[in-house]
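Please keep the viewer open as you read.

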Amino acid sequence: MSIKIWYQTEEQEFLHAEMQHYFEAVLQMQAEKASEQDADLKVIVEKEDTDMDHICIELHGGKGKIQADSQVGVLIAVYRLFHEFGVRYLRPGRKNEFFQVLSENDWAEKEISIEETASFRHRGVCIEGADSYENLRDFIDWLPKIGMNTFFIQFENPYSFFKRWYEHEFNPYAEKEPFNTEIAQEMSDRIDQEMKVRGIVHHRVGHGWTGEVLGYSSKYGWESGLTLPEEKKHLVAELNGKRELFDTAPILTSLDFANPEVGNKMVELIVNYAKERRDVDYLHVWLSDARNNICECEHCQKDLPSDQYVRILNQLDEALTKEGLDTKICFLLYHELLFAPEKEKLKNPERFTMMFAPITRTFEMSYEDVNYETDVPEPKAYVRNQIVLPNSLEENLSYLFAWKKMFDGDSFVYDYPLGRAHYGDLGYMKISHVIYRDIHFLKNLQLNGYISCQELRAGFPHNFPNYVMGQMLWNNTRDYEELKEEYFSSMYGENWKEVITYLENLSAYSSCDYFNAIGERLNPVLSARYEVCVNLAEEMLPVIEANTAKRDGLQKQEWKQLGYHREYAMKMAEALRLISAGKHTEAQRMWRDVLDFIRRNEMAFQQNLDVYRVIEVAKNYAGFKL
């Protein structure tokens, strides 16, 4: 039997291919295009006067419709339909989808009536870490399957993230692969097309504009070891009487924003980019990616960095308006820009989206845990080049609330649960619950969404944190226990509760904050807890062996992944036990064992663990040496 489908719009080749795949794989039915009058299923895109994705799915007696108000919304609705037939999108990539084969009778007998509006406008992820083209493509493909609509590519293209993977930085066991700027651009163009065919909301650039003003391309990210030409020195921040690149890196270098040449050049560059890249929906305009490097010249001393920032944003808005460009601009609350302006205000708030980025926050608690009546202080006064970024949610939120007094437009949180902190959570369950509770509370903060700045390969041992993120951003009333059951029962089969108990115990006895350099390094209590993690992992071996032997297909692969993770968790917990006990020599020896294990076995869990990034975080934050 075949299902006849009518598409309201003609440009639906990708969507039809997706429907063909799932109808055949799940329901053993052929999908074919038909006229409106002959169709069993109608696919309709009707733009509504709302910024929230809205879907409607009706199926009665084998006939029905799928309707949404955007291209990505229709795709979300298609995946939502097949979710009703038991498909679970557990990880990026089709090979990681769980379903049982049904029949055309199941289609004919199923009764569905769904009408849903997304809980939030902004539902997405920003690239970090080391990534292959396939990693990036599969992750973008996964986003609408879990209810997300947005992807953010930092810089001009993903060169920095591709380079780390293809040159296998930090992994001497792997051979470098062919890679250069041309290869990176070709891959970047293909990724742009992957976003376009899905209707993914496209965010771009971020840091890098300060370097562009100096003549350095943002595509090279955190490139360092450079020397600033004499003729450019008047443009950069004066620090201790000198004007040089900060730590030899353009992306880290702040500018002299009292110099009108700086603002004019930056605005010109951004407007030209917006003209060329009309496919970019939200263009991020940030300053340097370093703190305590703000210009100390006589003229800059008169203003807060955020006042200078808002002046440039207003200048940019005027230039974009003059060119007839409606590109949305994202501005950033981060480092010195956490401190709200005292003099300036955005003149055209409709142009802008505010992005709250509490990069040093704790992940041992949620926004939902804060006592908003008594514990949120007044924001600290800004002291030039002497700021200390807060770990507490309370202090971070004090800066957000100060900004909200001068800007009440569109906004979202740009958060980092899977950027560093997750490596400290050995079971990934504590971080999942924090994400769940953060998003559940988000509307109370009057924030219209969430973009996660994270590694794309953050699935060791599972991708439940991202699954929770997507599901909650789509519907923030979902029940956490329900989410756990639908995810882990599909991943591990009948013994899923045993796995949950093990993973939750690993999470309870490990620490997101400790790995992320929050708190005292010498911590005997935590050291004892890491010893419990070692024992938990040791005891799990017979359970993993037995279940791997009796499973097949996807679930067998997932139990094998859990086996790799068990060994990793044992070694990592032992290294953390030693370092938190102050036994640095022994800890370093154990860390070498962790390094050897993840480097040698990287291809066995490449999609799930970003070996480059866990090493980078371990050496920069957790206290280990490379």
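## Around strand β14

Strand β15 covers residues 411-415 and runs parallel to β14, with 3 bridges joining the two. Between them the chain passes through helix α10 (residues 393-404), and this β-α-β crossover is right-handed; that is, with the strands pointing away from the viewer, the path from the first strand over the helix to the second runs clockwise. Helices here are DSSP runs of H or I with at least four residues, strands are runs of E with at least two, and both are numbered from the N terminus. Two strands count as paired if DSSP finds at least two bridges between them.

On another pairing, β14 meets strand β13 (residues 328-333) in the parallel sense over 5 bridges, and C330 stands opposite T353. How many residues of β14 are buried? The count is 5 of the 5 in residues 352-356, so the strand is largely enclosed by the rest of the structure. Buried means under 20% relative accessible area, exposed over 50% and partly exposed in between, with a 1.4 Å probe and protein chains only. Both faces are covered, with F352, M354 and F356 on one side and T353 and M355 on the other.

## How the model was read

This is a predicted model, in which local features need pLDDT of at least 70 and side-chain atom pairs count only at pLDDT 80 or more, while totals for chains, interfaces and linings use all residues. Residues are numbered from 1 along each chain as its sequence is written, and side-chain values use heavy atoms, with hydrogens and water left out.

## The barrel and the open sheet

Strand β14 belongs to a barrel of 8 strands, closed in the order β9-β10-β11-β12-β13-β14-β15-β16 with parallel pairing. The twist averages 25° from one strand to the next, using axes fitted to C-alpha atoms (for helices over the stretch in contact) and angles from 0 to 180 degrees between N-to-C directions. Further along, β15 is joined by 3 bridges to the parallel strand β16 (residues 449-455), where Y450 stands opposite V413.

A separate topic is the open sheet, where 6 strands follow the order β2-β1-β3-β5-β4-β8 with mixed pairing. Its edge strands are β2 (30-33) and β8 (112-117), each pairing on one side only. Strand β4 (residues 54-60) runs antiparallel to β8 over 6 bridges, and E58 has S113 as its bridge partner in β8.

## Cavities

The count comes to 6 cavities of 30 Å³ or more. On a 1 Å grid over the protein atoms alone, a cavity is a set of points where a 1.4 Å probe fits but cannot get out, and lining residues have an atom within 4 Å of a point. Grid points are joined across faces, edges and corners, and a volume is the space filled by probe spheres set on the points.

The largest cavity holds about 100 Å³ of space. Of its 13 lining residues, L287, S288, A290, E336 and L337 are the closest to its centre. The lining divides into 7 nonpolar, 5 polar and 1 charged, where Ala, Val, Leu, Ile, Met, Phe, Trp, Tyr, Cys and Pro count as nonpolar, Asp, Glu, Lys and Arg as charged, and the others, Gly among them, as polar. The second largest cavity has a volume of about 60 Å³, and its lining includes Y216, Y220 and P250.

Methods: 1 Å grid on protein atoms, 1.4 Å probe; cavity = no way out; pocket = protein on both sides within 12 Å on 5 of 7 lines; lining within 4 Å.
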